[in-house]
Amino acid sequence: GLKTLHLGSCVITTNLQGIRSGFSEIRDSVQAKDEIIDIRILRKTQFLQGTKPADQCCLLHHILRLYLDRVFKNYQPPDHHIFRKVSRLANSLLTIKKDLRLCHAHMSCPCGEEAKEKYSQILSHFEELPPQAAAVKALGELDILLRWMEEV
Amino acid sequence: HITEDTSDLLQHVKFQSSNFENILTWDGKLESAPDTVYSVQYKTYGEGEWLEKEGCQRITRKSCNLTVETSNLTELYYARVTAIDGAGRSATKMTNRFSPLQDTNIKPPDVTCIPKVRSIQMNVHPPYTVIRARNGHQLTLENIFQDLRYHFNLRINHTYQMHFERKQRKFEFFGLTPDTEFHGTVMICIPNLFKESAPYECQVKTLPDRTWT
C-alpha cells in the first residue's frame, strides 16, 4: 500500500509498492542494457537516509527532476511493452515531484548545503556518461532510488 | 578472422538465492566434456575490479557459493563464469545485476504446532539468516525486512478455514473441536518486495476432552 515519507517537515504519501512492482517487471531487461557496470550514479555516499532530514526533500526533489527531465526524456524503450511500463513509472514519479513542489511552495523543502553538494555529486556521475547511456543507467538504478525512499 | 561460436559451452549463469544464501549456478554443454573447467569472478556494481572467487577456479562442478562475497545488503553485484574445454575453446558469461534484497527467495518458516484440547498454538522459530550485523550478531529476516508478516492459516473443514496475518511469531487458534484433525500452514510475507515463502505445513489433532460432563 501507501507509504508516508517524512522528509524533514515535508510529509507526502506515495504508492512505492506500486512503483516497485512496475519497475520489477522491466528491471532485468533495462539493467541488461547498461553495459557500463564500473560506474554507479546513485552511490551510498549520497544516500537519502544519510542526509540531514531538513535537506532530504530538496535532494529528492532535484533527483526526481533529473529523472523526469533527462532520464525518461532520453530513454529509448526497445518495445511497446517497456514503453508503457516506463511511462507509468514516469507518471508516478511526476506525482511525487508535484507533492514535493507543494512542500517547496509552503517553505518546507529548503535546500541546504548538504542537499546541493550531494545532488551535484549525483549530477557529475550522471554527466560522466553520454546522455543515452546515462539515461539507461539511471533508469536501471530506479530500484536504488526506491529503496532510498523506502528507508526514509 | 572467423571467431568460433562457443556459446554452447556455457548457459544460464545466474544467482540462486534463499534467505541470502547466494549460490552462483550455470549449465554447460549438454554432453559437457568432463575436461571442461570453470572459473568464477564477481564484482560490486559501480566498482572497477573483477575479483576471483577462491575455491571456484578451474572447477568442474557447475555451482559456486558466493554468499560471503555478496553479503552486503545495500550493494548490488555481478558474477561471471569462464568455461574452457579440453580443446582450449572458452566462453564467458555474466549474471544479471544481483540485488540480495530483491532477489533472495524466502524459505518456509520453521514452526512448532502445539495441539491442546480446544486450540492449536503455532510458534514460529526465529528465521535466522546467514547475514551478520557489524557486531557479529546473526540477523533474522525480521531484522532485515521491516514489513515482514506471518500468515497463519488453519483449515477447519473442506469449506471453512481461518486466516490471520501478524507481525508476531506466535498465534493460537481457539474454539476448536477436541480430538479432531486440522491442517495448519504458516507463510512468511514481505509485501514491499512482493515476497512470499512456501508454506510450512502441519497436520495436527486436538487432544480429547477428558473433563467430566
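User: Which domains does chain B have?
Analyst: In this predicted model, the domain assignment of chain B gives domain 1, covering 7–103, and domain 2, covering 111–205.

User: How many residues does each one bring to the contact?
Analyst: Domain 1 of chain B brings nine residues to the contact, and domain 2 of chain B brings nine residues as well, while the C-alpha centres of the two domains lie 35 Å apart.

User: What area is buried between domain 1 and domain 2 of chain B?
Analyst: About 710 Å² is buried between them, and carbon and sulfur atoms give 74% of that area. On the side of domain 1 of chain B, the residues that lose the most area to domain 2 are B:Asn19, B:Phe20 and B:Leu101, which together make up 61% of what that side buries.

User: And how many salt bridges or polar contacts are there between them?
Analyst: The count of salt bridges between domain 1 and domain 2 of chain B is zero, whereas two residue pairs are in polar contact.

User: Switching topic, what is the strand order in the open sheet of chain B?
Analyst: The four strands of this open sheet follow the order S4-S3-S6-S7, and their pairing is antiparallel.

User: Which strands stand at the edges?
Analyst: Strand S4 (51–52) and strand S7 (90–94) of chain B do, and each has a single partner strand, so one side of each is left without a neighbour in the sheet.

User: How many bridges join S6 to S7 there?
Analyst: Strand S6 (residues 77–84) of chain B is joined to S7(B) by five bridges, with the two running antiparallel, and B:Ala83 stands opposite B:Ala91 in S7(B).

Terms used
Residues numbered from 1 in each chain as written. Chains lettered and ligands numbered in written order. Predicted model: local features only at pLDDT ≥ 70, side-chain atom pairs only at ≥ 80, totals over all residues. Heavy atoms only, no water. Domains from an automatic or database assignment. Contact = heavy atoms within 4.5 Å. Buried area = accessible area lost by both parts, 1.4 Å probe. Salt bridge = Lys/Arg side-chain N within 4 Å of Asp/Glu carboxyl O. Polar contact = N/O pair within 3.5 Å; in protein donor to acceptor, adjacent residues only side chain to side chain. Pairing = 2+ DSSP bridges.
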